[in-house]
Amino acid sequence: MNARLVGYWSESELYPGSPEYTELGFRADGTGWQYWSSWSTEFAVHRFDWAEPRPGRLALRLRMELDGTWSLDGAEIAHRVERRQHVDELIELAWALEPGPELTLGRPLDEFLGGTRFRPVEGGGTDPTLA
(Lines give C-alpha, C1' and ligand atoms only; values in the text may rest on other atoms or scores of the structure.)
Protein backbone atom coordinates (compact mmCIF):
# COMPACT_ATOMS: atom_id res chain seq x y z
CA MET A 1 0.00 0.00 0.00
CA ASN A 2 1.26 3.46 -0.79
CA ALA A 3 0.02 5.80 1.95
CA ARG A 4 0.29 8.78 -0.42
CA LEU A 5 -2.65 7.38 -2.44
CA VAL A 6 -4.94 6.85 0.54
CA GLY A 7 -7.70 9.42 0.52
CA TYR A 8 -10.34 10.96 -1.70
CA TRP A 9 -9.44 12.47 -5.08
CA SER A 10 -11.61 14.51 -7.46
CA GLU A 11 -11.24 16.05 -10.89
CA SER A 12 -13.87 18.72 -10.12
CA GLU A 13 -11.17 21.08 -8.80
CA LEU A 14 -9.36 20.84 -12.14
CA TYR A 15 -12.47 21.34 -14.29
CA PRO A 16 -14.88 23.64 -12.42
CA GLY A 17 -18.26 23.90 -14.08
CA SER A 18 -17.86 20.65 -16.00
CA PRO A 19 -21.18 18.84 -16.57
CA GLU A 20 -19.64 15.58 -15.34
CA TYR A 21 -16.79 14.57 -13.08
CA THR A 22 -15.00 11.54 -11.64
CA GLU A 23 -13.79 10.93 -8.10
CA LEU A 24 -11.61 8.19 -6.62
CA GLY A 25 -11.43 6.83 -3.10
CA PHE A 26 -8.48 4.76 -1.89
CA ARG A 27 -8.85 3.26 1.61
CA ALA A 28 -5.89 2.11 3.71
CA ASP A 29 -7.40 -1.41 3.84
CA GLY A 30 -6.79 -1.86 0.09
CA THR A 31 -10.35 -1.20 -1.08
CA GLY A 32 -11.65 1.73 -3.05
CA TRP A 33 -14.13 3.06 -5.55
CA GLN A 34 -14.54 5.32 -8.56
CA TYR A 35 -17.59 7.57 -8.69
CA TRP A 36 -18.72 9.25 -11.91
CA SER A 37 -21.62 11.70 -11.96
CA SER A 38 -23.29 13.86 -14.59
CA TRP A 39 -25.66 16.82 -14.54
CA SER A 40 -28.01 14.49 -16.46
CA THR A 41 -28.56 12.85 -13.00
CA GLU A 42 -26.79 9.65 -14.04
CA PHE A 43 -24.03 8.11 -11.92
CA ALA A 44 -21.79 5.05 -11.92
CA VAL A 45 -19.65 3.46 -9.21
CA HIS A 46 -16.86 0.94 -9.68
CA ARG A 47 -15.72 -0.76 -6.47
CA PHE A 48 -12.25 -2.29 -6.43
CA ASP A 49 -9.38 -3.71 -4.41
CA TRP A 50 -6.05 -2.01 -5.03
CA ALA A 51 -2.33 -2.56 -4.55
CA GLU A 52 0.93 -1.11 -5.78
CA PRO A 53 2.88 -4.12 -7.13
CA ARG A 54 5.86 -1.88 -7.84
CA PRO A 55 6.52 1.87 -7.65
CA GLY A 56 4.50 3.88 -10.14
CA ARG A 57 2.13 0.98 -11.00
CA LEU A 58 -1.37 0.31 -9.69
CA ALA A 59 -3.20 -3.00 -9.80
CA LEU A 60 -6.96 -2.63 -9.40
CA ARG A 61 -9.26 -5.64 -9.17
CA LEU A 62 -12.76 -4.43 -10.12
CA ARG A 63 -15.34 -6.21 -7.95
CA MET A 64 -18.64 -4.46 -8.59
CA GLU A 65 -20.24 -1.98 -10.98
CA LEU A 66 -23.31 0.00 -9.98
CA ASP A 67 -25.19 2.69 -11.83
CA GLY A 68 -28.43 4.61 -11.65
CA THR A 69 -29.73 8.11 -11.09
CA TRP A 70 -29.25 10.72 -8.40
CA SER A 71 -31.64 13.40 -7.16
CA LEU A 72 -31.68 16.15 -4.59
CA ASP A 73 -33.42 15.29 -1.33
CA GLY A 74 -33.40 18.65 0.44
CA ALA A 75 -29.72 19.54 0.85
CA GLU A 76 -28.61 15.90 0.39
CA ILE A 77 -28.04 13.89 -2.77
CA ALA A 78 -29.92 10.59 -2.95
CA HIS A 79 -28.67 7.78 -5.20
CA ARG A 80 -31.04 5.23 -6.73
CA VAL A 81 -29.10 2.14 -7.82
CA GLU A 82 -30.78 0.68 -10.92
CA ARG A 83 -28.14 -1.87 -11.89
CA ARG A 84 -25.66 -3.81 -9.77
CA GLN A 85 -23.25 -6.26 -11.36
CA HIS A 86 -20.47 -8.33 -9.80
CA VAL A 87 -17.32 -8.31 -11.92
CA ASP A 88 -13.81 -9.70 -11.64
CA GLU A 89 -11.49 -7.68 -13.84
CA LEU A 90 -7.85 -6.76 -13.26
CA ILE A 91 -6.70 -3.35 -14.44
CA GLU A 92 -3.04 -2.35 -14.28
CA LEU A 93 -1.97 1.20 -14.93
CA ALA A 94 0.69 3.77 -14.24
CA TRP A 95 0.24 6.52 -11.66
CA ALA A 96 2.19 9.54 -10.48
CA LEU A 97 1.76 12.12 -7.77
CA GLU A 98 2.80 15.54 -9.00
CA PRO A 99 3.32 18.72 -6.97
CA GLY A 100 0.11 20.46 -6.06
CA PRO A 101 -0.60 17.61 -5.25
CA GLU A 102 -2.12 16.14 -8.36
CA LEU A 103 -2.72 12.44 -8.97
CA THR A 104 -2.26 11.39 -12.59
CA LEU A 105 -3.28 7.98 -13.91
CA GLY A 106 -1.82 6.48 -17.08
CA ARG A 107 -5.35 5.83 -18.34
CA PRO A 108 -8.91 6.00 -17.00
CA LEU A 109 -10.29 3.07 -15.01
CA ASP A 110 -13.29 3.09 -17.37
CA GLU A 111 -12.65 4.40 -20.88
CA PHE A 112 -16.06 6.11 -21.07
CA LEU A 113 -16.58 7.33 -17.50
CA GLY A 114 -13.21 8.10 -16.05
CA GLY A 115 -10.68 10.83 -15.71
CA THR A 116 -6.92 10.73 -15.39
CA ARG A 117 -6.12 13.85 -13.32
CA PHE A 118 -7.28 14.40 -9.74
CA ARG A 119 -6.66 16.62 -6.73
CA PRO A 120 -7.18 15.59 -3.11
CA VAL A 121 -10.40 16.48 -1.31
CA GLU A 122 -9.79 17.45 2.30
CA GLY A 123 -11.96 15.53 4.71
CA GLY A 124 -12.48 12.78 2.15
CA GLY A 125 -15.68 11.25 0.93
CA THR A 126 -17.47 7.95 0.84
CA ASP A 127 -18.92 5.60 -1.74
CA PRO A 128 -22.41 7.13 -2.09
CA THR A 129 -24.03 3.78 -2.81
CA LEU A 130 -23.10 2.16 0.52
CA ALA A 131 -26.01 3.76 2.41
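The legends below describe close-up views of a predicted model. Local features require pLDDT of at least 70 and side-chain atom pairs pLDDT 80 or more, while totals for chains, interfaces and linings use all residues. Residues are numbered from 1 along each chain as its sequence is written, and side-chain values use heavy atoms, with hydrogens and water left out.

**View 1**
Aspartate 67 belongs to strand E5, residues 57-73 (strands, E, are DSSP runs of at least two residues, numbered from the N terminus). Its relative accessible area is 21%, so aspartate 67 is partly exposed (buried is under 20%, exposed over 50%, partly exposed in between; 1.4 Å probe, protein chains only). The side chains of aspartate 67 and arginine 83 make a polar contact at 2.8 Å (a pair of N or O atoms within 3.5 Å; within protein, one must be able to donate a hydrogen and the other to accept it, and residues adjacent in sequence count only if both atoms are side-chain atoms). Leaving aside residues up to four places away in sequence, aspartate 67 touches Phe43, Ala44, Arg80, Val81, Glu82 and Arg83 (contact: heavy atoms within 4.5 Å).

**View 2. The largest nonpolar core.**
This core has 17 residues, and Leu24, Phe26, Leu58, Leu60, Leu103 and Leu105 have the most contacts inside it (a nonpolar core is a set of buried Ala, Val, Leu, Ile, Met, Phe, Trp, Tyr and Cys residues joined through side-chain atoms within 4.5 Å). At least two residues of this core come from each of strands E2 (20-26), E4 (42-54), E5, E6 (76-98) and E7 (102-105). E6 supplies the largest share, 4 residues. Apart from this core lies another, of 8 residues, among them Tyr8, Trp33, Tyr35 and Val45.

**View 3. Aromatic pairs.**
The structure holds 5 aromatic pairs (rings of Phe, Tyr and Trp, the last by its six-membered ring, with centres within 6.5 Å; planes under 30 degrees apart are stacked, over 60 edge-to-face, the rest tilted). Tyrosine 8 and tryptophan 33 form a tilted pair, with 5.7 Å centre to centre and 35° between the planes. Tyrosine 8 lies in strand E1 (residues 7-10) and tryptophan 33 in strand E3 (residues 31-38), 25 residues apart. Tyrosine 8 counts as buried because its relative accessibility is 10%; for tryptophan 33, also buried, the value is 3%. Phenylalanine 26 and tryptophan 50 are an edge-to-face pair because their ring centres are 5.1 Å apart and their planes at 80°. This pair ties together strands E2 and E4 across 24 residues in sequence, and both partners are buried. Ring pairs also link Tyr21, Tyr35 and Phe43 into a cluster.
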